[in-house]
Protein chains: 2
Amino acid sequence: MGARKPTLRSVAEAAGVSTATVSYAFSRPDRVSAEARARVLTVAGELGYAGPDAKGRSLRTGRTGAVGVIFTTGLTYAFTDPYVTAMLAGLAEALEPSRTSLVFIPFGEVNAGMAPDEVRRSVDAVHRAMIDGAVADGLDDDHPAVRVLAERGIPLVRSNETAAGPSVVIDDRQAGRDVGRHLAGLGHRDIVALVATPHEPGRVVEVTGQTPLFPYSRLRLTGLRESLPADTRLRVISGGSNSALAGQVAARAVLHGSERPTAIAADSDVLAAAVAGVARERGLWLGAGLSLTGFDDQPVAAELGLTTVRQPVHRKGFLMGRMLVDPGAERGRITLPTELVVRRSTGPAPSVRLGE
Amino acid sequence: MGARKPTLRSVAEAAGVSTATVSYAFSRPDRVSAEARARVLTVAGELGYAGPDAKGRSLRTGRTGAVGVIFTTGLTYAFTDPYVTAMLAGLAEALEPSRTSLVFIPFGEVNAGMAPDEVRRSVDAVHRAMIDGAVADGLDDDHPAVRVLAERGIPLVRSNETAAGPSVVIDDRQAGRDVGRHLAGLGHRDIVALVATPHEPGRVVEVTGQTPLFPYSRLRLTGLRESLPADTRLRVISGGSNSALAGQVAARAVLHGSERPTAIAADSDVLAAAVAGVARERGLWLGAGLSLTGFDDQPVAAELGLTTVRQPVHRKGFLMGRMLVDPGAERGRITLPTELVVRRSTGPAPSVRLGE
DNA sequence: CGCATCGTGTTAATCGATTAACACGAGGGG
DNA sequence: CCCCTCGTGTTAATCGATTAACACGATGCG
């Protein structure tokens, strides 16, 4: 009745050997004789002992066989984001050979004015996560989650250029410039940049210097700005985190009346696709009445004929994984190439625009 | 220097208190005086102590704050499968409030004729996973991974009807019947069922009684078979695990020559979408020259006008998550409704078919 | 004033394993 | 015959925390 779960010790006693022998039988077969191992395994089977307990083992060895994944956005959104899933696929590919588990670590909102205890609660899952390393996307050095990992001594690979330490990045600023030059070259002088910001989608905000922004957005905006002629009007808005809904509400807000821009530069294909949908509702032709660019070059971009910046997302994830599990992998920062893919969603700016 | 990582003990010594006090300071603020807590936290900060070590803590408490996710398919595929990501989103939603992490556990191929040690190695990650519970999709009771979890005493929620124990399911057999009746009613007497099987996509196999099949496929096929008139020709094939590639190679293999069926019942919208692509290549009109059904009713189905079986995937994931984290949640089996959604991809069978 | 209660701190047992170091008998080589 | 090595088993220290039980002074109450 009161049968507790069998442990290494109970198996050892039942088999009449020391705990060391049982441990070796499971973890280092060459260290014990074949007979001893067979007996231990038999006894273990009879007792319903599944093998050394993961928690005890990992406390002793210091290893967990898992790496963490931290997203800036809630997990619910993350799995629906094609950029994220592509990166995850690459990451999973790198981890597969070593059968390393992948731990998705959620955390709550963190912002400047929060009390220390509140912040601590938000990143509680980061404290509790049992991992040998982690990858994070779009988290700055001063983000509490990054701080905690550093204190815990857990190796972290990131994919933002603003990161000190190991990272796999693209040149976001240059990519921003590429987009800007392309649009400027087509004559656009009234442009809206549509970015994702770390809040629930649905509320449209005008992005100012104070608005918290993902590091990559900041860099792309810098590139965009510095590539545009001085007489260009550039507004930056956001409808929240990267999602169709955010793109939709932002597009609805900006695509009407005399304030309508001639081009929208969206920070992801997901956002751009949503804008394309709203443009269709409004009877605007992409590449004519409205020019539109995306980012990432996900499959949806080709389907929509979307001008976008291609980046090797799968490879990014793969390399991040390698840096964690392969001690021989290169350290430091790896910069991957991007490429502006021009399709029919961008075209010359209307030469004369009539207010209404 | 030889500075090791600070522990609860070193903080206690530095602060001149007992380890209990330090532990309480971090985990049960109400158990210590405000001053003591402040001193401990200060000292911890100076020493760079991030808080109680996750491994030690979880060994002692027996809890991990994480639940596992086990897929029949490799993680690389999993993240690209819309059914999977929808389920994950639901699952993540259920776990969010308790900030529970999600652990993706990979495992290698397992099949009948493997040596015990080989099997053990394949499910090694299941042994090592530090989780309080797990969800699994499409794993039968006798699957090694399921066995290991049972021995380890880890609660498992599954989504297959063949599962003993807690599960959130749909009536796959009934769904199969619905599809069969629909096609039979349209006059189809030569049907190919296209299913996913647990092997790398690319190789097309004719499914026989011996072929290893996912539990849900088996049930749907049973339903399909029993709803078809006796004079119906039914072939079952697979191009491997659920993916566009598998659907494509299977469709290519079956959609040519005089052996061409009048209808294809695919086991997922992903497979069906791939078939639709091949049909287009071959100049076959869906709903006329070829009838096609899918499964799941993912967004792609509406886009393609695909007749399919709708199931509440997000809700499935959500409920599975609740059953794990919420002690008050209902136990046992929850059956969710399905609905045959008829669109234009199915139509009357061609009354006369010419061989070539 | 005596006693119960409360707040706050400490002691020490415990969670379940890994592995360096050692012991000991058998076999091999000189 | 002695010594060395090899194979195999054991001993015991250790990983880093949690928490029941207890101790003790201060406070409240009758």
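I began with B:Ser27 in this predicted model, and I noted that a polar atom of its side chain sits 3.5 Å from a phosphate oxygen of DNA strand D. I then looked up two residues of chain A at the phosphates of DNA strand D: for A:Ser18 I found a side-chain N or O atom 2.8 Å from a phosphate oxygen, and for A:Thr21 a polar side-chain atom 2.5 Å from one.

Helices H2 and H4 of chain A and H2 and H4 of chain B each supply at least two of its residues, and the largest share, five residues, comes from H4(B).

I turned to chain B, where the axes of helix H2 (residues 19–27) and helix H3 (residues 34–47) come within 9 Å and cross at roughly 90°, so I recorded H2(B) as roughly perpendicular to H3(B). In this contact B:Thr21, B:Val22, B:Ala25 and B:Phe26 of H2(B) meet B:Arg37, B:Val40, B:Leu41 and B:Ala44 of H3(B), and by class I noted six nonpolar, one polar and one charged residues.

Last, I followed an open sheet of five strands in chain A, with the order E7-E8-E6-E9-E10 and mixed pairing, whose edge strands are E7 (205–206) and E10 (291–293). Strands E9 (residues 263–266) and E10 of chain A run parallel and are joined by three bridges, and I found A:Ala265 opposite A:Thr293 in E10(A).

Note on methods. Residues are numbered from 1 along each chain as its sequence is written. Chains are lettered from A and ligands numbered from 1 in the order in which they are written. This is a predicted model: local features need pLDDT of at least 70, side-chain atom pairs count only at pLDDT 80 or more; totals for chains, interfaces and linings use all residues. Side-chain values use heavy atoms; hydrogens and water are left out. Two strands pair if DSSP finds at least two bridges between them. Helices (H or I, at least four residues) and strands (E, at least two) are DSSP runs, numbered from the N terminus. Axes are lines fitted to C-alpha atoms, for helices over the stretch in contact, and angles run from 0 to 180 degrees between N-to-C directions. Angles under 35 degrees count as roughly parallel, over 145 as roughly antiparallel, 65 to 115 as roughly perpendicular and the rest as oblique. Contact means heavy atoms within 4.5 Å. Ala, Val, Leu, Ile, Met, Phe, Trp, Tyr, Cys and Pro count as nonpolar, Asp, Glu, Lys and Arg as charged, and the others, Gly among them, as polar. A polar contact is a pair of N or O atoms within 3.5 Å; within protein, one must be able to donate a hydrogen and the other to accept it, and residues adjacent in sequence count only if both atoms are side-chain atoms.
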